[in-house]
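The entries follow the order in which I looked things up.

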There are 2 protein chains.
Amino acid sequence: MTDLLTAPPVRGFARVEFEHRTAQLQQRMAAQNIDAVFFSTEPEFRYFSGFKSQFWESPTRPWFLVVPADGLPIAVVPEIGVAGFEQTCLEEVRSWPSPRPADDGISLLANTLAEVSKRHRRIGAMLGPETHLRMPAANFADLQQRLGQHQMVDISLAVREIRSVKSAAEIEKIRFACQVTAAGFEYLRNHLRIGMTEREACKLMHLEMLRLGADSCPYLISASGQGGYDNIIMGPTDRQLAAGDLLIIDTGVNFDGYFSDFDRNYAFGSADQASTSAYEAVYRSTEAGLEIAAPGRTTGDVWQAMWSVLEQAGALGNDVGRMGHGLGMQLTEWPSNVEGGDVVLKPGMILTLEPGMTFAPGKMMVHEENIVITENGCELLHQRAWESMPVIEH
Amino acid sequence: MTDLLTAPPVRGFARVEFEHRTAQLQQRMAAQNIDAVFFSTEPEFRYFSGFKSQFWESPTRPWFLVVPADGLPIAVVPEIGVAGFEQTCLEEVRSWPSPRPADDGISLLANTLAEVSKRHRRIGAMLGPETHLRMPAANFADLQQRLGQHQMVDISLAVREIRSVKSAAEIEKIRFACQVTAAGFEYLRNHLRIGMTEREACKLMHLEMLRLGADSCPYLISASGQGGYDNIIMGPTDRQLAAGDLLIIDTGVNFDGYFSDFDRNYAFGSADQASTSAYEAVYRSTEAGLEIAAPGRTTGDVWQAMWSVLEQAGALGNDVGRMGHGLGMQLTEWPSNVEGGDVVLKPGMILTLEPGMTFAPGKMMVHEENIVITENGCELLHQRAWESMPVIEH
């Protein structure tokens, strides 16, 4: 396996990377007459501040980052978090003793926003698709009331565009996560056995990917069944793998805050004609995606190229709703590869190609690979799926 | 280590457990004239439906659960999720092809809510402290507009009270997660070495806890420094552990959807007088918490008992904001052990006791244990912390 792995990249980012991110946002803010933006969710907070902590796992306390029109972002955070900002490039950290349900940072956030948004009185917030506010809805209503003289506008479209183009350092982190994942699937190919449970198979892979250098593995699902599986978001279960089964494992590991996200399929005992054909169809579909993904093409072009192959192969449908998506600080990011998708691909975008189809009633076949858009086309970030379905014989 | 571990409990829950949960909520709804409640976040969705999937890691698609005044909850979910409901006790699953940014389930949710809330036209939602809505804020505004003839009221206080009292089956899952964690700390005591990095120490423990039966370990932080550490929410870093260091590791592992959450401290080479005294103080503080935690006592009583010990020991302060909290499906849950806290403890509540103090400028000492409130007092869910600080000698 080890020949699939390069050394892990350096952790963290150079200061200039954060300066560039903030400058891009401030440029978009200026174009929209927005004086300040606030963030409440982990990926955006980390992207613009460099603050990286597992403490977001605790839902109790809200955290806020305020980006003014000029200068460095300002952290508005619970007291417990202040010490963590010594490691960031931020200079101003405002805090309150939290938890304090009666006013958990809302007056402090409102005052900070009012202070830095006097010009146009327009404040950007993450309000649009694929976002949420990580704060009580009652507190957001309170914030809007406190800032009654200001207009709250959606900044999520700008933020997702900025985040979708990855820097060289970001790409290297994702590439490493992808290589660890590919090595994990290769390990599994050599260690899966008939009679194992799905859960045992996933645990084997989980342990191996941590040993190989993943920091964590927040997503590791499996589905299996005789001649096919009927979902790709549940499991693992205690179902024992038997001859005649198909198994899919889909996983996303994290390295230094960046994800991989792809899957692999295994047959047990032998593979029947229908599943072999389905495997070949999604493999060829991915080939079509790899061929077309390039700067200037759209997410709809990628979808069309992949779906044409599946349609010709007799696909009965696809209830995943898309065939791949952005990838980075989150397991799934904007954009989606959908029918008619009009997002134009740019160098530095990371995408998953995820052709999938129902090839018989209640039987799905899904492949997935992770790519980066380059100047001329795209590049796979890890070893390609096996050209034919691996069969676990014992 | 293995003598610290009992066998893992059975996964999942009996159907009657979900019926009881829903009945409790419907009782509270009736008392408030609420016709229907909707949930958008994973813990509540899982608590009232039994639907358990790692797919929540993907932020793209919203998921909704509607609980009517009578009868079973109704799932309103993306098509990709439908197959997963075969394993639940729900009978009605409504779905839409997602992602569909123009209407990602909002019209379907609005129609479903309108259909089941004709009597009082009052709809409960999670709006209060320690909650958030996992849906775009713009979509929530749209939902409120579509339901303009209805009143949206906060149901979070009722939900947190219901969830805070755990069933026997829930307690056994948490107990197992706690026992795995305690065994992980014991393993670390035998395997830590001077010269290891924090990251290596955490990885060792991570792997061991997965081997011992944890499903995942979403929280595993560390902090270290000469004679003390200055935070408990960052790390692990690549800092090498040296003689004279104190190391804290705080972790939460997950078993079948339920968390542990506690920490342990280790000295390297030798422990100086100040840190030894601080360790003894927080150990005695935890003893005071264990003694007082019982049905009828309040979270403020627990705080007071623990803080008195720390104050007498010369604590300079505590910037954690509380000394323990609820625990269960989330790493931290309501209630908090705070000064003046008036939440009355009940049998079945799971709490962490987490006394912590700054014992010298920039130096903290924090202990944590997990308990369940019993009929007469409380019970530790795992092996107690070592009475004196372990010293890693080589």
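**Entry 1: Leu127(B).** I started with burial. Leu127(B) has 21 C-beta neighbours inside 10 Å, so I log Leu127(B) as buried; the cut-off is 20 or more. I note that the model is a predicted one. Next I looked up where the residue sits. Leu127(B) lies in the loop between β5 (122–125) and α4 (137–146) of chain B. Which residues is Leu127(B) in contact with, leaving aside its neighbours within four places in sequence? I found Pro136(A), Ala137(A) and Ala138(A) from chain A, plus Asp154(B) and Ser156(B) from chain B. I also took one distance.

**Entry 2: the A–B contact.** I count 55 residues of chain B in contact with 55 residues of chain A. On the chain B side, α4, α7 (198–211) and β7 (216–226) each give two or more residues. α7(B) gives the most, with five residues. I sorted this side by residue class: 26 nonpolar, 18 polar and eleven charged.

**Entry 3: cores.** I turned to the nonpolar cores. The largest has 154 residues. Which of its residues touch the most other members? They are Phe38(A), Val66(A), Phe38(B), Val66(B) and Ala177(B). Helix α6 (residues 168–191) of chain B supplies the largest share of this core, nine residues. I then listed what Val66(B) touches, not counting residues up to four places away in sequence. Among them are Phe38(B), Ile74(B), Val76(B), Leu113(B) and Val116(B). A second, separate core holds 79 residues, including Cys202(A), Trp303(A), Ala305(A) and Met364(A).

**Entry 4: helix α9(B).** I moved to a single helix. α9 of chain B covers residues 299–312, which is 14 residues. From first C-alpha to last, α9(B) reaches 20 Å, close to the 20 Å expected at 1.5 Å a residue. I listed the buried positions of α9(B): Thr299(B), Val302(B), Trp303(B), Ala305(B), Met306(B), Trp307(B), Val309(B) and Leu310(B). What do these buried residues pack against? I found α8 (273–292), β12 (333–336), β13 (350–353) and β14 (356–360), all of chain B. Just after α9(B), I see Gly314(B) with a positive phi of about 90 degrees.

**Entry 5: chain A as a whole.** I finished with the overall picture of chain A. It has nine helices and 18 strands. Its C-alpha atoms fill a box of roughly 70 × 40 × 40 Å along the principal axes. The radius of gyration is 23 Å; a compact globule of 394 residues would be near 21 Å, so I record agreement. Of those 394 residues, 53% count as buried. I also checked contacts between residues at least 6 apart in sequence: 70% join residues at least 24 apart.

**Entry 6: domains of chain A.** The domain assignment gives domain 1 (15–163) and domain 2 (165–392). Their centres, over C-alpha atoms, are 34 Å apart. Eight residues of domain 1 are in contact with eight residues of domain 2. On the domain 1 side, α2 (42–49) and α5 (156–164) of chain A each supply at least two residues. The largest share, three residues, comes from α2(A). I sorted this side of domain 1 too: two nonpolar, no polar and six charged.

Definitions and conventions. Residues are numbered from 1 along each chain as its sequence is written. Chains are lettered from A and ligands numbered from 1 in the order in which they are written. This is a predicted model: local features need pLDDT of at least 70, side-chain atom pairs count only at pLDDT 80 or more; totals for chains, interfaces and linings use all residues. Helices (H or I, at least four residues) and strands (E, at least two) are DSSP runs, numbered from the N terminus. The expected span of a helix is 1.5 Å times one less than its number of residues. A residue is buried if 20 or more other C-beta atoms lie within 10 Å of its own, exposed if 12 or fewer, and partly exposed in between; C-beta atoms are placed from the backbone. Two residues are in contact if their C-beta atoms, placed from the backbone, lie within 7 Å. The radius of gyration is taken over C-alpha atoms; the globule rule is 2.2 Å times the number of residues to the power 0.38. Domain bounds come from an automatic or database domain assignment. Ala, Val, Leu, Ile, Met, Phe, Trp, Tyr, Cys and Pro count as nonpolar, Asp, Glu, Lys and Arg as charged, and the others, Gly among them, as polar. A nonpolar core is a set of buried Ala, Val, Leu, Ile, Met, Phe, Trp, Tyr and Cys residues joined through C-beta atoms within 7 Å.
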